[in-house]
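Work through the exercises below with the structure in view, and compare each of your steps with the solution that follows it.

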Amino acid sequence: LFDLAKPSPATRQRLRRWLQANAFGCLQRSVWVSPDPCPEIGSLLEGRTGHPCELIMFEAKSVDGFSDGVELAKSAWDFDAINAGYQAYIDFVKTAPARQRAGEIDIDWVLREGEVWHSAVMRDPLLPIELVPKGYMGKQAWSARRKLLPHTRGK
């Protein structure tokens, strides 16, 4: 949770970019969540002084029966955009030249494949399977990639 008193727009923007870059999901404007332990954020606001309540980080667990982790994840991350990225990747794989499928290398296509894959994965917080909503396309895209590029197995 954060509430930066009289923040400069640059400080607020830097914090939001850092949260997004570290796969946090936004529940509300100043409430962000992560499925993983929080990395060090102190260096981000280094040199900034303020009230202790401006930035509070804590780990929490929902009370049994009061929270659905999947619904929480759907609120925090844009799974329509995540799935659109994976669908774009799946569609791109279908354009693989025949020689690529036969194991020959078309370097231009391979470079583009890496860009399309990276673009899709960068949107995905890579949540634990228990938190992924129904219809999540990440596994389907990964399967298509493994089939096309067998050297990616286990990576």
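A crossing of two helices is called left-handed if the near helix is turned anticlockwise from the far one by less than a right angle, and right-handed if clockwise. The model is predicted, so that local features need pLDDT of at least 70 and side-chain atom pairs count only at pLDDT 80 or more, while totals for chains, interfaces and linings use all residues. Residues are numbered from 1 along each chain as its sequence is written, and side-chain values use heavy atoms, with hydrogens and water left out.

**Exercise 1.** Determine how H3 and H6 are arranged and which residues meet.

*Solution.* Begin with the elements, which are DSSP runs numbered from the N terminus (helices are H or I with at least four residues, strands are E with at least two). The axes of H3 and H6 come within 9 Å and cross at roughly 25°, where axes are lines fitted to C-alpha atoms, for helices over the stretch in contact, and angles run from 0 to 180 degrees between N-to-C directions. Angles under 35 degrees count as roughly parallel, over 145 as roughly antiparallel, 65 to 115 as roughly perpendicular and the rest as oblique. H3 and H6 are therefore roughly parallel to each other, and their crossing is left-handed. In contact, meaning heavy atoms within 4.5 Å, Tyr-86, Tyr-89, Ile-90 and Val-93 of H3 meet residues of H6 including Ala-141, Arg-145 and Leu-148.

**Exercise 2.** Determine how H3 and H5 are arranged, and sort the residues of their contact by class.

*Solution.* Helix H3 covers residues 79-93 and helix H5 residues 107-123, and they pack at an angle of about 165° with axes 7 Å apart. H3 and H5 are therefore roughly antiparallel to each other, with a left-handed crossing. Among the residues that meet are Tyr-86 and Tyr-89 in H3, and Trp-109 and Trp-117 in H5. The contact of H3 with H5 divides into 13 nonpolar, 1 polar and 3 charged residues (Ala, Val, Leu, Ile, Met, Phe, Trp, Tyr, Cys and Pro count as nonpolar, Asp, Glu, Lys and Arg as charged, and the others, Gly among them, as polar).

**Exercise 3.** How are H5 and H6 arranged, and which residues meet?

*Solution.* H5 and helix H6, residues 138-148, pack at an angle of about 160° with their axes 12 Å apart. H5 and H6 are therefore roughly antiparallel to each other, and this crossing is left-handed. Trp-109, Glu-113 and Trp-117 of H5 meet Ala-141, Trp-142, Arg-145 and Leu-148 of H6, a contact with 5 nonpolar, no polar and 2 charged residues.
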